[in-house]
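Subject: Structure for your files, with notes on contacts

Hello,

Please find the structure below. My notes on how its parts pack against one another follow it.

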Amino acid sequence: MMQSSREIENYFTDFHAFENNGAAQAPAWLKELRAGAIGKFRELGFPTTKQEDWRFTNILPLTKVSFRHALKKDLPEVRPTDIGKFIIGGASASLLVFVNGYISNTLSNLSSLPKEVVAGSLAESVGGYGDQIRHHLSRHLPLQSHPFAALNTAFIHDGAFIYIPDGCKVVSPIQLMFISVPTREESAVSYPRNLIIVGEKASATFVESYIALSDDVYFSNSVTEMFVEKESAVDFVKIQHESEKAYHVGTMQVEQAGHSRFTAFSLALGASIARNDINIAINGEHCETMLDGLYITANDQLIDHHTFIDHTQPNCSSREIFKGIVAGKSRSVFNGKIFVRKEAQKTDSKQTNKNLLLSDKAIVDTKPQLEIFADDVKCTHGATVGSLDAASLFYVKSRGINEEAARALLTVGFASEVTNYINDEPVRRHVDALIIKRLQERVVNTALPEIVHSEPKMI
Amino acid sequence: MLGIKNLHANVAGKEILKGINLSVNAGEVHAVMGPNGSGKSTLAQVLAGHPSYEVTEGGVLYDGKDLLDMAPEERAQEGVFLAFQYPVEIPGVSNSYFLKAGLNEIRKHRGLEPLDAMQFLKILKEKMKLVEMDPSFINRPVNEGFSGGEKKRNEILQMAVLEPKLAILDETDSGLDIDALKVVANGVNKLKTRDNAVIVVTHYQRLLNYIVPDFVHVLVNGRIVKSGGKELALELEAIGYDTVKEGAESVAR
């Protein structure tokens with residue numbers, strides 16, 4: 001699908017400027033990767049609702065804005081006090097901060113990380129870790145089918161590069177924070193690109209958050225690639241809290257090796273239009289995969305999650321629970337595909353999508369999909385769209401609590417059931433607090449309690 | 001305090017209550033007994049305002065007001081409390097927040113100042129002692145992961161905190177072992193005053209050994225077929241509901 005609009009030409013103009021300027025120092029292999037990707041994007045163009053993967057997500061408003069590549073030379077100053085409230089764990093937290101896609105070494109803090117961990121800017125690491133980066137970068141990314149991932153790849157420059165060596169256990173979460181701040185007159189697009197490699201028998205928790213310091217129109221187009229090596233354990237939490245006028249397209253590509261455990265949680269609150277693609281390839285036996293998420297949409301927002309769990313090997317289990325609170329005139333899309341290949345015998349897979357529809361003007365599109373080619377598997381999936389449970393509502397009201405407050409309490413309960421799966425307690429508390437704040441600002445008109453959890457569920 | 005007159009109620013188009021008459025005065029304990037499917041729980045739910053039940057005939061006066069005209073939350077604010085047979089789990093919301101929210105609504109309705117967190121916690125801890133509940137339940141989500149007995153105890157804790165004028169206990173004894181039953185009954189007895197009333201809905205006489213009723217009513221097929229003193233419960237235990245049922249049917253014929 002070709003577009004010849006002035007808007008799409010911006011991206012090519014930006015690319016040529018980038019090629020001759022910021023990207024000029026890059027090694028040949030990286031230049032080739034970028035050139036191939038921009039060619040792919042030129043070929044694909046922006047997706048339209050005629051394509052199955054974008055049927056419910058009309059990105060026309062995004063294509064109508066003339067976004068220009070955010071440049072390093074235009075970076076405004078961001079002070080530590082601007083971002084303090086977004087940091088989980090205070091002054092000693094391990095933190096990589098990116099402003100409009102570029103590393104800020106002054107805001108970042110890696111002093112608490114074990115010495116053997118490599119963490120820093122991708123742009124600054126290409127020199128020292130070139131072979132490793134070259135080996136992993138874009139290895140499994142489906143550029144063919146995802147023009148935004150191709151566009152991101154064309155502009156690969158900065159983002160996080162993290163390597164946790166074999167056997168290394170990192171206890172506190174490592175936070176990757178992407179802050180958008182207005183620069184010049186045009187609306188800016190940034191292309192964060194993250195590469196995370198967790199070595200054998202290693203473990204770590206990552207939080208990737210997208211935050212706005214103003215209520216501006218901008219576009220974040222990010223890609224995160226994660227390699228979860230043998231017998232390692234990784235918890236990953238993404239917080240999408242962009243400006244409500246912004247556009248967010250995030251692609252996550254994960255590969256799991258044998259006997260590894262990977263849990264991911266996607267909290268999606270912000271943006272005018274947000275699209276998350278999460279692809280997990282389970283390429284080893286005896287892996288565990290937990291992929292959960294919560295989206296809250298209000299006003300005119302549209303939040304879309306497309307997930308793909310690819311069981312290629314036998315004896316693995318996956319569990320996926322996505323919940324949505326959909327209010328106002330907003331829309332949510334969930335498309336979850338579980339693919340069980342012929343070799344993947346004894347796969348145990350569960351997928352659920354539950355939506356709380358709070359307004360008759362809001363729209364939920366949900367499509368859970370199972371494609372099974374093995375014959376000895378245990379797989380279930382399901383989706384619900386509904387309102388609050390009448391029996392629960394009666395119970396709360398029978399204690400003297402009015403209708404509105406009762407509905408609000410049950411909405412909190414609905415959300416808390418899924419955040420219960422976040423393993424790291426400070427991260428879970430942070431996520432819970434964001435949810436409560438969001439519900440209070442956009443969805444309900446009453447005071448809300450802090451979320452409490454019963455004993456963490458065994459998963 | 002409570003006057004039920006010729007109360008008829010349907011659920012999903014099926015008539016369950018077929019003309020209940022019952023008067024309850026302050027200071028009294030009434031037991032409503034009956035076989036499964038007789039309408040005992042329906043009566044309890046209708047009094048609390050469950051939206052699935054439709055009242056087709058008759059009325060209920062509570063403290064001189066039309067009870068059926070009130071929303072469930074208004075009934076609670078006016079002092080009606082139902083201890084549920086199957087308490088609902090509310091994930092994410094702590095027991096203490098839930099109770100404080102309820103109590104402050106009731107206080108507001110009575111023209112009292114809302115309690116702050118400290119004042120409320122003091123009351124909550126006292127009441128927890130009454131039902132022998134571990135303080136760790138304060139910050140657990142309402143009923144989530146509670147055992148059957150813990151849920152029932154939590155219902156009585158709520159009753160203790162909300163201090164209703166009219167408490168309706170719906171099969172509070174079901175699923176309780178004898179020790180838990182004694183704790184629950186003891187809690188209810190301690191909450192009993194001259195100014196409030198209790199309706200105990202139960203299938204078995206067992207609970208009535210510990211919460212001694214002033215009146216016992218036998219509900220069969222949507223009607224009260226027999227009323228008497230506490231000895232009626234023992235009699236029922238001895239002869240079984242079938243005999244009473246047959247009697248009732250012959251009367252109906």
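Two residues are taken to be in contact if their C-beta atoms, placed from the backbone, lie within 7 Å. Please keep in mind that this is a predicted model.

Chain A and chain B

On that criterion, the contact between the chains draws 25 residues from chain A and 27 residues from chain B. On the side of chain A that touches chain B, two or more residues come from each of helix 8 (390–397) and helix 9 (403–419) of chain A. Helix 9 of chain A has the largest share of that side, eight residues. By class, the side of chain A that touches chain B has 14 nonpolar, eight polar and three charged residues.

Domains of chain A

Chain A is split into domain 1 (6–284) and domain 2 (389–459). The centres of these two domains of chain A, taken over C-alpha atoms, are separated by 30 Å. Where they meet, 13 residues of domain 1 of chain A are in contact with 10 residues of domain 2 of chain A. The side of domain 1 that touches domain 2 takes at least two residues from each of strand 9 (203–212), strand 11 (233–241) and strand 13 (261–268) of chain A. Strand 11 of chain A gives the most to that side, with four residues. The residues on this side of domain 1 of chain A divide into eight nonpolar, four polar and one charged.

Helix pair in chain A

Helix 2 (residues 28–44) and helix 7 (residues 147–154) of chain A have axes that come within 7 Å and cross at roughly 145 degrees. The crossing of helix 2 of chain A past helix 7 of chain A is left-handed. Helix 2 of chain A contributes L33(A), R34(A), A37(A), I38(A), K40(A), F41(A) and L44(A) to the contact, and helix 7 of chain A contributes P147(A), A150(A), L151(A), T153(A) and A154(A). By class, this contact of helix 2 with helix 7 of chain A has nine nonpolar, one polar and two charged residues.

Helix pair in chain B

In chain B, the axes of helix 5 (residues 148–162) and helix 6 (residues 178–191) come within 10 Å and cross at roughly 5 degrees. Helix 5 of chain B is therefore roughly parallel to helix 6 of chain B. From helix 5 of chain B, the residues that meet helix 6 are G149(B), K152(B), R153(B), I156(B), M159(B) and A160(B); their partners in helix 6 of chain B are A180(B), V183(B), V184(B), G187(B), V188(B) and L191(B). The contact of helix 5 with helix 6 of chain B divides into eight nonpolar, two polar and two charged residues.

Regards

Definitions and conventions. Residues numbered from 1 in each chain as written. Chains lettered and ligands numbered in written order. Predicted model: local features only at pLDDT ≥ 70, side-chain atom pairs only at ≥ 80, totals over all residues. Axes fitted to C-alpha atoms, helices over the stretch in contact; angles between N-to-C directions. Parallel < 35°, antiparallel > 145°, perpendicular 65-115°, else oblique. Nonpolar A, V, L, I, M, F, W, Y, C, P; charged D, E, K, R; others polar. Domains from an automatic or database assignment. Left-handed = near helix turned anticlockwise from the far one by under 90°.
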